[in-house]
Each structure stands twice: as C-alpha cells, then as structure tokens.
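I set out to record how the chains of this model meet and how their elements pack. The entries below follow the order in which I looked things up.

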Amino acid sequence: MRPSLRLLNLEVQGSRALYVCSVCRQEARPRPIVARQFLRHASSNADSLSERVRRKIWGTDNPPGLKDPYGESLLEKRFGKPKPQQQEESQVEETDELAESSDGLEPGVSYEPATSWHGLERVGHLGGWSDAPPSEADTYGSFGPKKKLYKKGPLSLAAHQAAVEISLMHALNKPLTNVCNVVEHDKSVFKMIWQTKILPNSTNWGEALEYRNENAKKSLFYIFEQIGSAQPETAKPADENAEVEEFEDFEEFEDPSGAASKQAFFGYQDARFKGFLTLPLTDPATKFAFLKRFSQLSGHFFPDNIVSQISTVKQAVDYIQGQLHPKPKKLAEHLENNKRLQAMPNIKIFSKRQTTLHRDDEMGRRKIIESELRARGLLE
Amino acid sequence: MPVQGIRTVTAARNGVGAFILQCKRLDFHYCDWAGSSRGMVAYLKHHLPAFAKANPQIEIRVSPRPHKHPVIKGHYINGREKAVCVRNLEPEQIVQKTNLLKQASGEKLKRTKKPVTSLNESVRGIWSPYHGGLKSV
Amino acid sequence: MKRLQLQRWSSSVLSAQARTGGRLQHRLYNGIRHQSTASPAAPTANDQLIEEEPLAPSIHPPNSRQSKYQLPSPPVEAARESAKLAALHARLYLPSRLPLETLARSLVDASADPNPKFNNESLATLGHDLLTHYTSEYLICTYPRLPLTVIFAAMYAYVGPKTLAAMAREWGVESAAAPGGEVDPGYLQFKRIPPGADLKPVTGTARPHEDQAHWRKSITSSVVYDNEFGDPVKGPKNPSEQSKQDAQNIKGVTAEQANATFVRAVMGAIYLHAGRPAAKRFFEQHFLSRHLNISDLFNFSQPARDLSRLCARENFEQPVARIISETGRKSRHPVFVVGIYSGQDKLGEGAGASLLEARSRAAVAALKGWYLYSPLNVRVPSSMEEEGAAPWKPVHVDLGEVIV
C-alpha cells in the first residue's frame, strides 16, 4: 500500500494519530477517486444502484436481507466501528470528528492543532547548542577497559577476578551484577583477590573460595559489602580501602612512580590458581553476572548464541582465546606455520597459484621477454 | 701415427656407484575451496612432512590451483613429466600415488621382455663354427 | 709429507672477502706443464695482480626486488631459500659439511658473474686438476701399456667436457635462461652464446709455428703444449692484459662448457669442505663407476706393421700369420680365420672375408692384447695419501706405444 493511502486510511478511520502535518494531509487529499474506489462503503448509501435494484426487486422501500449484499467493508470489519449514518459531510470534517471522538486525551482537554510555535514545549536547541554547559548526561563513562586484553595471562587474571568477585557476592547474598560498578579495584584489593584461591571442582559459587587468611576474608567481605550499597563510583571503594589497609598485615610495596598502575592488573602476569576454570555457569543469573563482569574486565563481548552455549568458565575463556587466535582458513597459511615443514629445505610452499610468469622470473627469462617487448614498443 | 684414440663418452650406470633418483621434483596442487581436494589437503597437512623427510632429493612445491581438481605432478631427470589427478582420493590413496610418482623413471611405460640388460659383453662369448671340433667334408 | 690445511683453504674460498686472485692466476698458467721450459708465473707478479685488482663490492646490496635485478648472480642468502638447491645437494649425496652456499656458488659460471668471489672458476680449477689427476693415475696404473693417444681418448671419455655435461644433465641440473639476481640459485647460470655465432678454434697457443696448420703434430709435442685430452689450449699471456680482456668482453659459453665447469666445481668444493677422502669417494662413485670399454678406443691404421715393430722392440720372434681355418674360399662369402704367431706363441686371431682382412684383424687383436694388459691388485699413487697406507710398491708402467 502506498504511504499516502495508508495515511488516508488513518484519516478516514479516525485514528491514533492526533496530529497529521499539513504537508502530509495535502499529499493525501488530492486522490479522492482512489479513496472512493478503495472504500466501497462510501458509496453504499440508500441511493446506490444496488439499493435501488433491491427495492425494485422486493417491491418495498425496506427490502429484507443484508443491506449491502456484497459484504461489509474490510476496513469497517477491522476497526469494528459503527459507520456514521449520515455521510454527506466532507471527508475532512469526518476526520476531525473521528480524531476528536476517539483520541487518548483526557476528557475536558481538547486538542487544537497549533498554527505557530508560540506556547509549544521547546525540544532541542535552536542554534548555539555548543555554548550550553555540559549537563550530567553528557559525561561518558566507559563500561569496559580502554584496551582489550589479548594475552593469555591477563585473560585468566580477568576471569579469576570475575569469578572471585561473583563468588564473594554469592557469599554475601547480594545482587551479583553490582560488582560491575567498580571498573578497577585498588591494588591492595586486587592483590587480595589474586591471592584468594578458588577450590577446583567446586559447584557452589558461594563456597568455592579459600582465603589467604581470616584478615583477608574479613577485609574482602567488608569491601564487597560496601560495593553493593555504595555509590557506583570507582573512586569511592579506593577511598574506603585506605582505611581497610590500616589493619592489613600484608607487606605493601607501594610503587611511587605509579607505573605499575598504568599496566593492566598492576603488572601481574598470570592467575595464581587455576581452580576457577572448572566453576559451572549453569545458573543463568550467575552466568550473566560472570560474563558481564568478564567482558567488562577483558573488553571482549559474547554474542548471544555463544552465551547460551557456555556452561563453564573454561568455555568462556576458551572462546576468547579462540577469537584471538583463529585457525588459519587457507592451507598455505597452515603449512607455513608448520614448524616441521619449515625445517625441511626441499619444500617450498606458495600461497598463490604459480603461473608461467613465476616460472619465467625464476629462470631469468622474464627480463629478456620484457626487454624484447620494450624494444618493440609493446610495453612501456 | 701407429694408433689413434677414438673419443667417446662414458655411459652412465645408475646405481653402480651412486644412485640418482630419477624423480627430481613433485608439484602438489590443491584447491582450498573444492571438496575434491579434501583428501589432498589432509595429505598435505599430515603425510607430506614425513614424505619430504624421507625423500630429501625431491624438490617439493606446494601451490594452490583454485577451482581445479587436485593434481600431483612429477618432473623427471629425462625431462618428461607425469601428472596424476587425485580428486576425491583419501590421504592413504594419495600416499600410494605419490610413491608411484617417486619410483617412476619418467620414461614412457613399456613392456620389458628381458629381466636383465647389461652393457658388458657376455662372458661366454659367441659360438663360432670355425673353432673346436672341425668336421672336414 | 706435510698435511694440507684444508679448513683454512675452505674458509678462504667460502668467505666473500677471500682473495682468489692467486688461484685465478693458477688457472691462467695451468696450461703450462712442468716439463716445459717456460717459467711459471713469478710470485711477485701474483702479488701485483692482487693489488691491482679493483675492490669489488664485497657484500651484495640488501635483498629487495629491484636490487635483485641489478645483481649478476643470486645473493648468497638466497641459497638457503631454494628448495631446488637443497634437493640437488641431497641427490648427489654431498656431505653435510659442504654448505648450500658453496653449491650455489658452484652453479654460477664465470660468464654470468665475472667477479671471482662469486663465480665457480676457482672451484672448477681445483676440481679439474683433481679429476684429471685421479683419472690419469687410474688409467696409467690400470693399463700400464696404453698408447698415449688412447690415454688421451680415455681421459676425454672419463672427464672430458662432453661427459661432464652429460653427468650434469643426469644429475638433474637445469640451466637458467639468463643469469641474474632474481634467478633461483638451483639453476645453472651462464651467459649463452648468441645463436648463429661461430665457435672459433682455439688460437694463441704456446705451440710454435701455430699458424702452420698442415704441419704434423707429434704426440710428444701434444704432451708439452696441449691439455689432458690432447686439445690445444690457450698459452700464457701477460696476466694484467688477460684480466682486462676478460672483463671487457665476457663472451658467452656453450651449455656443455658451463655444465662441465659446474661438475668440476662440485668436485673442488667437496675437496675443500669435506676433505680428500670424500672427494675420492665422490670420484669413484660418480666418475669411475661409469662404463667405458677401452678396447673400443683404438684406431689402428697399419696393425701388422705395428705388431712387427712391437715384436722387434720387445725381442720377440717376428710375427707370422697363419690360416687356422677357412671356409668357402671360392664362394661369395669366404671366411678365413687367421692367427698371428710369434714362434710357438699365438699372439692373436681374427676372422675376415679375405686373407688380408683376417690378418689385420688378428694383428689388431694381438696389439690390443699387448696394450690392454692390466695387472692385478692395482694401487694408485694417491692411495698413499691416506693414513696408515701400506708401503708403496712401484707399479709397472710400460714404455707405451711403438714408434714407427
């Protein structure tokens, strides 16, 4: 159906559009013939040909049977509205009437199309928007890190951290996704997380953790208790950690230059305990929370079909590993990566089809051919 | 001049002394896309390193030939070449074909009637009617 | 005997910086035999040549596509990349101590790359000397009575350029169409003679009265003036003049010459890198193992006369030809079997369609029987070079052919 006709239908049937702009209305209007043809009920008044024939056949002014023997209008059926009895008014009037009668306005408030912009609510800017001061919604905070993780060590560190955090939230019985509020922990907190061991082959997330000592457990619980209730800002937990550190007995070697903090995970290379790999991701809420946190830490995102396939942490880590190191599609690449073939001097692997041109070049014939062609002016 | 020397060239006896394998080059062509190269691709991945290690005297070239059936082409010292199409063959069958090409001499196939041929003269000599027990008529 | 410092030699050949001018010098003078009265090149002249030699770019420019086309021969690094070269190395069972780079160098002819640091001329010079040395001592010790002309022919058959070219072909060495830096180093590279050019005979030999072509050349003179195969060779020239001339007009060489040079260079490279035993083994396996029937190399013009001279020289009784048997003397196909007797000893026997033919065949058989004498348990002098060799017993070498 053409857009203009669609618009016309709405107009005829009365409608949900409260306001149709004048251009659209003008565009729709000059096709009354089309509209007539389309809306058969427009002609089904008492004076129509069929009605007169019926009257003549039955010999009365009120013939029995259906008033319109060819069926009701399709549009009437669809909208189920009683047809107005008198259709003598013009279509425009009808439209206005219908719009007023069936709109969603509260009773007592009448809709009047505006003719000028005075008194209307102001939306957007009328120039000079760049002079306006930034509002709160204008500041952008990234969800994930600025750099994606590409190496195996940092990836397992991220997975380990995510698993420990989700386990802590399980243990504290707090909303799991709250851990995503803190993009990066303080170094001391991260170290505690790093030193926390996840028992391999544990199925329950809440009881999978084995802390380094009681102090660590207490401080971790304290910190993560804060995270749920505290404001979702990165700086806040760090401030709170400062007071936590006072009763910590860990040896702290503060890096005054701050170079270590520039690196991901404060320069840690790999996860200390690999028990997190076997944690199950069968519970949808846990899976969602873990994957969300893991993508936040690693910078890699999981498509929906992969999310539905993943059932352990290991699969999630393997997926990202596979994304980073895809298998070669071409056989030539595969063979060139083969160490055994590389060591053999009598094998030569070409990635492109070898033509006579290659052969000529290899035998030294090509330069002769080219020079002869140049001499004849066939090659510049 | 009492005696002159006649210039000739010594004849090669391959295998007396050194043996030169007659197959000097094998070209492996495959297609990355087509299914008829499936066995060939598997052969190149898994069997070729062992073959190349066992036959260092054969120059091996692996190059794709898109939209064509896989082919192994052997080049021989006598200048001839022998090509075998290995479409839809399993890797084990390709191993056999490769061995066939490796062991071929490059000559046209012909029936050998005598099992042994030699450049040396017969030790026993040819029978002569003029020696031994001569019969006078 | 002082043992030679092989390693030092090979390093000097391998390194691009090595000065091969001295060996080149040797090449220029190797036409001169030691029997000749011509004085060998003075060592001072050698040194002078080395000093005068312009310093060629010692290292090829870096490996890029454009610069490769500028080079006269493939760069040294390309040898490791070439599968063809590695296959050739394995096909010849070359020792692993012989690196691929040297094999690649032995495939570059002097006509392709005139720089003596990158072509195979020095290796070929050494290889040629080794080959002719081993072949000649084998021939003379195995057949001590061979006439010199037959020795020349046999030398030509074993290590002549035609044989060496055939060997290179049987080794599967292909020739490049034209030399250049982009060419695979596994191809033999040389500059070809343009088609239609006529191959002029060698001129400028050391032989006096060279221009008198119709003069008879004695065998003795060819020992002095000619090469190992009895062919004329270019005589010595002023070395600086020679090198200048070489640099100016590098004419092409025939494929046969280039292939022969390659085989000689391989021999020299094996000797330098793997030592003398490996070189000897290579020689036995690839050269001596080839088939040659030496009795086919004789061409007698007057065998009966030669035989009578031989008997006179050796103090035998005068040879007498006698009919052993005959058939169909009056028929269209008579056959006479004639034996030649010296006293009671039958020297030879031959069958022919006429009495004269049968007699000369019998004389040929008698002469071949004399000339082709071969002692048992032949040892060659070079076997004394090995460690712990048995004490040398002098081998018997005969006077050679009769002088008529």
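The notes that follow concern a predicted model.

**Entry 1. Chain C overall.**
I began with the secondary structure of chain C, which consists of 16 helices and four strands. I then looked up burial: of the 404 residues in chain C, 40% are buried. For contacts in chain C with a separation of 6 or more, I noted that 67% link residues 24 or more positions apart.

**Entry 2. A helix pair in chain C.**
I next examined helix α13 (residues 255-274) and helix α14 (residues 276-288) of chain C, whose axes come within 7 Å and cross at roughly 150°. The cut-off for roughly antiparallel is an angle over 145 degrees, and α13(C) and α14(C) are therefore roughly antiparallel to each other. From α13(C), the contact involves C:Met267, C:Ile270, C:Tyr271 and C:Ala274. From α14(C), I listed C:Arg276, C:Ala278, C:Ala279 and C:Phe282. Sorted by class, the residues of this contact are seven nonpolar and one charged, with no polar residue.

**Entry 3. Chain B against chain C.**
I asked how many residues of each chain take part in the contact between chain B and chain C. The contact involves 29 residues of chain B and 42 residues of chain C. On the side of chain B that touches chain C, the elements giving two or more residues are β1 (3-5) and β3 of chain B. I classed the residues of that side as 18 nonpolar, six polar and five charged.
I also checked for strand pairing between these chains. β1(B) and strand β1 (residues 298-300) of chain C run antiparallel and are joined by three bridges. Within this pairing, B:Gln4 has C:Asn299 in β1(C) as its bridge partner.

**Entry 4. Chain B against chain A.**
I turned to the contact of chain B with chain A, to which chain B brings 18 residues and chain A 15 residues. On the chain B side, α1 (38-46), α2 (48-54) and β3 (59-64) each supply at least two residues. Which of these elements gives the most? I found that β3(B) does, with six residues. The chain B side comprises 11 nonpolar residues, one polar residue and six charged residues.
Here too I looked for strand pairing. Strand β3 (residues 347-349) of chain A pairs with β3(B) in the parallel sense, over three bridges. Opposite A:Lys348 I found B:Arg61 in β3(B).

**Entry 5**
I traced the strand order of the open sheet as β3(A)-β3(B)-β2(B)-β4(B)-β5(B), five strands with mixed pairing. Its edge strands are β3 of chain A and β5 (81-85) of chain B, each of which pairs on one side only. From one strand to the next, I noted an average twist of 15°.
At the chain B end of this order, strand β4 (residues 71-76) of chain B and β5(B) pair in the antiparallel sense, over five bridges. In this pair, B:Gly74 stands opposite B:Lys82 in β5(B).
Lastly, I looked for a helix on the sheet. Helix α3 (residues 91-103) of chain B packs on it and touches β2 (23-30), β4 and β5 of chain B. The direction of α3(B) makes about 15° with that of β4(B).

How values were computed. Residues are numbered from 1 along each chain as its sequence is written. Chains are lettered from A and ligands numbered from 1 in the order in which they are written. This is a predicted model: local features need pLDDT of at least 70, side-chain atom pairs count only at pLDDT 80 or more; totals for chains, interfaces and linings use all residues. A residue is buried if 20 or more other C-beta atoms lie within 10 Å of its own, exposed if 12 or fewer, and partly exposed in between; C-beta atoms are placed from the backbone. Two residues are in contact if their C-beta atoms, placed from the backbone, lie within 7 Å. Ala, Val, Leu, Ile, Met, Phe, Trp, Tyr, Cys and Pro count as nonpolar, Asp, Glu, Lys and Arg as charged, and the others, Gly among them, as polar. Two strands pair if DSSP finds at least two bridges between them. Axes are lines fitted to C-alpha atoms, for helices over the stretch in contact, and angles run from 0 to 180 degrees between N-to-C directions. Angles under 35 degrees count as roughly parallel, over 145 as roughly antiparallel, 65 to 115 as roughly perpendicular and the rest as oblique.
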